[in-house]
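User: I would like to learn how to read the features of a protein model step by step. Could you give me the general idea each time and then the case at hand?

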Amino acid sequence: MPQYVFFTRQNRDEFRLSKAKASMNKRAKDHKAMHLSRRETLQIFAAGVAGAVGTIALDRAPIARASAGGTLRIAWQTPAQLDPRSVSGMSEIALLNALYDYLFETDAASNLVPCLASSWQRSEDGLRYTLQLVEHALFHDGTPLTANDVVWSIQWQLDAAGTIADVLADIESVAATGDHTVSFDIKAPDPDFLYRLTEYKIVILKAGAEKPGEVFNGSGPFIMEELLPGDRAVMKANRQYWRGSPGIERLEFLFFDDQQAAIAAVQGGVVDGILRLDNFSFLNFTGDYRFNTIDIPTNAHHLARIRADRPPGNDSRVRKAFKLATDRDAIWQRVQLGYGALGKDSPIGPSFAQVFLADAQLPPRDPAAAAALLAEAGYPNGLDMNLHVPNSGAMPDLAQTLAAQWEQAGIRVTIQLEEENNYWVQKWLDVDLGITFWGDRAVPQIYLDLAYRSDATWNESHWSDERLDALIDFTRSALDKEARIAAFKEIQQIFLDEGPIIVPYFYAQFMVMASHVSGVEMHPFPGRTNFHTASLR
C-alpha cells in the first residue's frame with residue numbers, strides 16, 4: 001500500500017511555503033545540476049535508487065541546455081497509436097496537436113478560437129454553417145490547404161464510424177463551396193456545433209492521405225523529423241507555418257512508461273517539462289526556483305465505473321452499494337489534496353456553472369447499508385473483482401483509496417495496473433470494473449454523446465437507459481436555454497441516483513516547466529497545449 005499524506009487546503013499551502021524555504025536554502029549549494037540521459041534515469045529507477053540522481057557514472061556527455069531558438073524537450077507517456085481516427089492517449093493527442101491544425105480550438109476558458117476556420121456564418125434556421133478558411137496555410141510537403149482537404153478529412157472520420165461519428169452524428173452533408181469555403185448542413189439545430197469541431201481527433205489532413213499515423217503531412221507548427229517508437233519523437237520548426245514561425249528550433253517528446261522516471265527526468269534536467277503527474281509530485285516542484293508550476297481548474301475527471309450490462313453491475317442494487325461504500329470528499333482531499341472540485345457522480349462539473357446541479361446531495365457513506373444491498377442482490381459474502389487502472393497521474397492512488405473504502409462494505413478488489421496508452425486501445429471498454437480519466441471538454445454535451453447514450457462508441461459502462469437517451473437527444477438540439485438547463489440538471493440527478501459511475505472529483509491540470517522556458521500557456525486538455533509559442537533562454 002502506498003504511504004499517504006493527508007492534506008487540507010490550509011496545510012497544502014503550509015507545505016508549499018516549507019518547500020519554498022527549503023528551495024531557497026538549497027540554492028547556494030545547487031549551482032550545477034547533472035543532466036542524465038533517459039536511459040540513465042530509467043537505470044536509476046530500475047535499481048530502486050529514486051533519490052540517487054547524480055550518483056551513477058555517465059557514459060556520454062550531459063544534454064546541453066537549449067539556447068534561444070533551441071530544443072524544447074517534454075516528457076510524455078509512450079504512445080500506442082497515432083492514426084487520428086484512433087488516438088486517445090494524451091501523448092498521442094499532443095503529437096497530433098504539434099503536427100496538424102484544427103478548424104477551431106478552445107482557450108483555457110473554453111472560448112472558441114478560430115484556427116484554420118478564420119470566420120463562419122450560421123443560417124437563420126440553424127441548419128447550415130459556412131466556414132471561411134485561411135488562404136495561406138501549407139501542408140508540410142508545400143501544397144496549399146484547401147476546402148477539399150477539410151471535406152475529405154471530415155468524411156474520412158465519419159466513414160470510420162468511430163467516436164467522431166458520434167460527435168458529428170447530426171451532419172447531413174459537408175461540401176466545398178469555394179477554394180477556401182466549406183459548408184456543413186446539419187439535421188437539427190445544434191448550439192454546440194462549432195465546439196464539436198474542436199474535438200481532438202478532427203485534425204485536417206491532406207485529401208487522400210495515405211498511412212495516417214505513419215506519415216505525418218500536416219499543416220501544423222512542427223514537422224516530424226524522426227519517430228523512434230518507445231523512445232522519442234523529434235520535430236523541427238515549420239518555418240512556413242501560417243500562424244508564424246515557432247520560437248524554438250526543435251520540439252522533442254521523450255517517452256516514458258514509468259511516471260516516476262519521467263518526473264526524475266524533469267528534476268535531473270533531461271527534459272524541460274511535464275504535463276501529466278500526480279498531485280504530490282506536483283507539490284514537490286512548487287517553490288523550487290528551477291521550475292515554474294501552474295495549476296488550472298478543469299472539468300477533467302477520474303471515474304470508477306462498473307459494467308451495467310452483465311452481473312454484478314446490471315443490478316441497480318449493486319451499483320447503489322458501490323455509491324454507498326464511497327466517501328467522495330475524503331477521496332478528493334486524500335488523492336487531489338484539495339485541488340480541483342468535489343464530484344457528484346456525473347461528468348458535468350462546477351466549471352459548467354449554468355447547468356451544474358450545485359444543490360445535489362451526495363449520499364452519506366454507509367458501508368453497512370452497502371453490504372446489506374449486496375446481500376439483497378444475491379451477494380451475502382460481498383464481491384471479489386479486479387479493478388483495472390491506468391498507471392499514470394493520480395489514478396493508482398485513487399484505486400488504492402477506493403479499494404480501502406470498498407473493503408469495509410465487503411467489496412474486495414484486486415488492483416490491476418495497466419499501461420495507459422495500450423489500455424485505451426480497447427481493453428478499457430471491455431473490463432467489468434475500471435478507472436478512467438476524461439479530459440476537459442468545452443461543453444457538457446460532448447461527454448454525453450461520446451459515452452453515455454446507449455449506442456455511444458465509448459459507452460464504457462454499457463449502460464442503457466431510455467429516459468437518459470431521450471434527455472441527451474433533447475439537450476443536443478434544444479434552443480430554449482432554460483429548458484436545456486433543466487434537462488442537463490435532470491441528467492445529473494439520474495447519474496447520481498442510478499448511474500454506473502462514481503466521479504469523486506474534478507481535477508486540476510498541472511504543468512511543470514523549467515524556469516528557462518517561457519511562452520507556454522497550458523490548456524485544460526494537456527494534449528492540446530501549444531508549444532510553438534515557447535521560447536528558451
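Analyst: What follows is a walk through this model, which is a predicted one, from its overall make-up to particular residues.

User: How many helices and strands does the protein have, and what percentage of its residues count as buried?

Analyst: The protein has 16 helices and 21 strands, and 58% of its 537 residues count as buried. Among contacts between residues at least 6 apart in sequence, 71% join residues at least 24 apart.

User: Which residues of the largest nonpolar core touch the most other members?

Analyst: As a general idea, nonpolar side chains in soluble globular proteins tend to be buried together. In this model the largest nonpolar core holds 138 residues, and Leu103, Phe184, Trp406 and Phe531 are the ones that touch the most other members. Helix H3 (residues 90–99) supplies the largest share of this core, 7 residues. Apart from it lies another core, of 21 residues, which includes Val266, Leu277, Tyr339 and Phe510. As for Trp406, its contacts beyond four places in sequence are Ala304, Phe322, Ala325, Thr326, Leu387, Ile411, Val413, Leu433 and Ile502.

User: Is Leu374 buried or exposed, and which residues does Leu374 touch?

Analyst: Leu374, which is found in helix H11 (residues 367–376), counts as buried because its relative accessibility is 0%, and the cut-off for buried is under 20%. Not counting residues up to four places away in sequence, Leu374 touches Val318, Ala321, Tyr379, Pro380, Gly382, Leu383, Ala409 and Ile411. The C-alpha atoms of Leu374 and Asp315 are separated by 9.6 Å, although the two residues are 59 apart along the chain.

User: What span should the 18 residues of helix H16 have, and what covers the buried residues of H16?

Analyst: The way to read a helix is to compare its expected span with the distance between its ends, and then to ask which residues are buried and what lies over them. For helix H16 (residues 481–498), 18 residues at 1.5 Å a residue should span 26 Å, and the end C-alpha atoms are 26 Å apart, so the two values agree; the expected span is 1.5 Å times one less than the number of residues. In H16 the buried residues are Arg484, Ile485, Ala487, Phe488, Ile491, Gln492, Ile494, Phe495 and Leu496. Among the elements that cover them are helix H9 (316–324), helix H14 (444–451), helix H15 (466–477) and strand S18 (501–506).

User: Which residues of H4 are buried, and what covers them?

Analyst: H4 has 13 residues and reaches 18 Å from its first C-alpha to its last, close to the 18 Å expected at 1.5 Å a residue. Its buried residues are Ala147, Asp149, Val150, Val151, Ser153, Ile154, Trp156, Gln157 and Leu158, and what covers them includes strand S5 (128–133), H5, strand S6 (171–178) and strand S7 (181–186).

User: Which residues lie nearest the centre of the second largest pocket?

Analyst: Rolling a probe the size of a water molecule over the atoms shows where empty space is left. The second largest pocket has a volume of about 370 Å³, and of its 22 lining residues Glu105, Thr106, Asp107, His523 and Arg528 lie nearest its centre. The lining divides into 7 nonpolar, 8 polar and 7 charged residues.

User: Are His523 and Arg528 buried or exposed?

Analyst: His523 lies in the loop between strand S20 (517–518) and strand S21 (535–536), and Arg528 is in the loop between S20 and S21. His523 counts as buried because its relative accessibility is 11%, and Arg528 counts as buried at 9%. Leaving aside neighbours within four places in sequence, His523 is in contact with Thr106, Asp107, Ile296, Gln509, Arg528 and Thr529, while the contacts of Arg528 include Glu105, Glu199, Tyr200 and His523.

Methods
Residues are numbered from 1 along each chain as its sequence is written. This is a predicted model: local features need pLDDT of at least 70, side-chain atom pairs count only at pLDDT 80 or more; totals for chains, interfaces and linings use all residues. Side-chain values use heavy atoms; hydrogens and water are left out. On a 1 Å grid over the protein atoms alone, a cavity is a set of points where a 1.4 Å probe fits but cannot get out, and a pocket is an open set with protein on both sides within 12 Å along at least five of seven lines; lining residues have an atom within 4 Å of a point. Grid points are joined across faces, edges and corners, and a volume is the space filled by probe spheres set on the points. Ala, Val, Leu, Ile, Met, Phe, Trp, Tyr, Cys and Pro count as nonpolar, Asp, Glu, Lys and Arg as charged, and the others, Gly among them, as polar. A nonpolar core is a set of buried Ala, Val, Leu, Ile, Met, Phe, Trp, Tyr and Cys residues joined through side-chain atoms within 4.5 Å. Buried means under 20% relative accessible area, exposed over 50%, partly exposed in between (1.4 Å probe, protein chains only). Helices (H or I, at least four residues) and strands (E, at least two) are DSSP runs, numbered from the N terminus. Contact means heavy atoms within 4.5 Å.
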